[in-house]
Amino acid sequence: MSNQLAISMDGVSKQYSHFRLDDVSIQLEEGGIMGFIGPNGAGKSTTMRVIMGLVLADSGEINVLGHAIPDDQARAKMSIGFASEDMNLYPTATLQWHMDFVRSIFPSWDQQYADALVKRFDLHHDLKIKGFSHGQKVKAQLLLVLARRPRLLLLDEPTTGLDPVARREVLDELMEVLADEERTILFSSHNTKDVEQLSDSITFIDRGCVIESQDKESYLERWRRIRFEVPEGSRTPTLPGVDSVQKAGRLVSMTTGNFEPDMPAILQDQGAVIHGVENMTLEEIFVAEVMSSRQGEAA
Amino acid sequence: MSAQIATRPSRASLFRHLALKDWSLNQWPLLAYTFCGLVSLFLITSQNKVVYHSGFVVLISAVIVFGAHLVFSCVINETNNRTLPFVLSLPMTFVEYSIGKMLFAIGSFMVLWLILMGGIFLVTNSQEHMLAGMLPYFVITMGYLFVAFVLTLSVAMIAESHVWAIVVMSICNISISIVMIAIAGIPSIGGSMGQASANWSPAVIGLLSGEALLVIGLLLGTLFIQSRKTEFL
């Protein structure tokens, strides 16, 4: 992985009547794969659109592959493959028509790869798009994006609404794309399993604000759930840096995003009987982060 | 980086690609309307008054439907069918996309418009029973149809709403008979319609100039508003 930034967003804000993208800053190195996670309406698609120059930010700076956005977006788009759940292909045209159209604009179009993807995705190039299932439409979109061999892939919810088989096919293809270390990918999803599988860094967004952005491994490493029992009559032990505490009788489940190896011992010193220290899935962390962030806002 | 730096196609090339795309998706309906227009030219050569007047109705209808198809299929449907993100993911800005749309729509409309205008002049000069005094009146009416098309196109592009496009198109089409009556009521135009030669009076030139200025103003205004937009989807 090189150290050049494929995407650099600095202090980007955009005000809508009922929503604000607030001071969003994201850095993604060339060759990196970033999972962009957030609940529905968190600002994932708006952020993607800002990066593509499809929505102009009120403030902040955006640079994509060395091009200032939005001023130099046309040149940047030569090297960006963008697919979105909000995007449709022309229903009355065939996949072949779309392939010819995209090929006529992008000299980097790889026909051999496109043909291979048609087979792998089990698509019919002479069938009109309106005859495709949802999964086939998503795969067709992905094909048109991948076959132009872009340096940067921006995928907005690429697996949303797919059946398990189509989802597997799309993820497998993305896994192959990931083998190319020069290809940068930013993909948004509220499916944390996809993100956990594909990405090497993670950005959480909620209510228009980035609440965390870090490499995946150290991020997962930071989070733990400590389960312990409090003896009758004792107070629940406390620890600094705890994100949530759930109690069920004398059983306590403590979640922290700042885990230190000596934490269980500190709890034991306060009388707790440790039942276990568990790793958390990205989904569990995601929910904990969002809840913690919202509680912080409410306070 | 070993990845190649991709060179962006020229603007002219992009406009050509966009035009070819829209033509490819709409060629058959547009050719059908053009055929209807050509049939109307044949009908107005008839000395039978009913067929002659029917010819004019078909001609005006062909122009209106041709324009409506361009506006709805090429502009409104791009938004409604959510194909706009696909086009805007290509190496172009929103303003370039808007210019490309306008070039194709205006260009296509002008092809039919000029064919029918030329056809009327040809038919009038080749048929003894047709009076050339009608030509200024016809040209002003065709000019009005051009203005109505550009106005509908502008509203569709700016508002990106089929409701607004339908409202403007309906008003323009309902008012065409009023406009035609009003034009015929101008003495230097209505009084010359029964003459054997065309009278390109100052009133005719004034109206045609007004229509041309309106078209230019609408196009420039549309481009200005498009360039001020901050959200394109």
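Let me start with α5 and α6 of chain B, residues 135–159 and 162–184, in this predicted model. The two helices pack at an angle of about 165 degrees. Anything over 145 counts as roughly antiparallel, and α5(B) and α6(B) are therefore roughly antiparallel to each other. Their axes are 10 Å apart, and the crossing is right-handed.

What meets what between α5(B) and α6(B)? From α5(B), the contact includes Y137(B), I140(B), Y144(B), L151(B) and V155(B). From α6(B), it includes W164(B), V168(B), M169(B), I176(B) and I183(B). Alanines take part from both helices, among them A148(B) and A156(B) in α5(B) and A165(B) in α6(B). By residue class, the contact of α5(B) with α6(B) divides into 18 nonpolar, 2 polar and no charged. T141(B) and T152(B) of α5(B) are also among the residues in this contact.

Stepping back to the whole of chain B: there are 8 helices and 0 strands, so to speak a plain α-α-α-α-α-α-α-α when read along the sequence. The C-alpha atoms of chain B fill a box of roughly 75 × 30 × 30 Å along the principal axes. On confidence, the mean pLDDT of chain B is 91, with 97% of its residues at 70 or more. For the model, ipTM is 0.87 and pTM is 0.86.

Next, the interface. How many residues of chain B are in contact with chain A? The count is 26 residues of chain B against 30 residues of chain A. On the chain B side, the elements giving two or more residues are α1, residues 11–43, and α3, residues 84–88. That side of chain B divides into 13 nonpolar, 8 polar and 5 charged residues.

Now chain A. Four of its strands form an open sheet in the order β2-β1-β4-β5, with antiparallel pairing. In general, strands of a sheet pair through backbone hydrogen bonds, either parallel or antiparallel. Which strands sit at the edges here? They are β2, residues 20–29, and β5, residues 67–69, of chain A, and each pairs on one side only. Neighbouring strands of this sheet are turned by 20 degrees against each other on average, direction ignored.

Within the sheet, β1(A), residues 5–15, is joined to β4(A), residues 59–64, by 5 bridges. One specific pair to look at is I7(A), whose bridge partner in β4(A) is V64(A). Helix α1 of chain A, residues 44–52, packs on the sheet and touches β1, β2, β4 and β5 of chain A. The direction of α1(A) makes about 115 degrees with that of β1(A).

P70(A) is in the loop between β5 and α2, residues 73–77, of chain A.

Strands β9, residues 201–206, and β10, residues 209–215, pair in the antiparallel sense over 6 bridges. S201(A) has D215(A) as its bridge partner in β10(A). Where is the positive phi in this hairpin? There are 2 residues between the strands, and R207(A) takes a positive phi near 50 degrees.

Terms used. Residues are numbered from 1 along each chain as its sequence is written. Chains are lettered from A and ligands numbered from 1 in the order in which they are written. This is a predicted model: local features need pLDDT of at least 70, side-chain atom pairs count only at pLDDT 80 or more; totals for chains, interfaces and linings use all residues. Two residues are in contact if their C-beta atoms, placed from the backbone, lie within 7 Å. Ala, Val, Leu, Ile, Met, Phe, Trp, Tyr, Cys and Pro count as nonpolar, Asp, Glu, Lys and Arg as charged, and the others, Gly among them, as polar. Two strands pair if DSSP finds at least two bridges between them. Axes are lines fitted to C-alpha atoms, for helices over the stretch in contact, and angles run from 0 to 180 degrees between N-to-C directions. Angles under 35 degrees count as roughly parallel, over 145 as roughly antiparallel, 65 to 115 as roughly perpendicular and the rest as oblique. A crossing is left-handed if the near helix is turned anticlockwise from the far one by less than a right angle, and right-handed if clockwise. pLDDT is the predictor's confidence in each residue, from 0 to 100.
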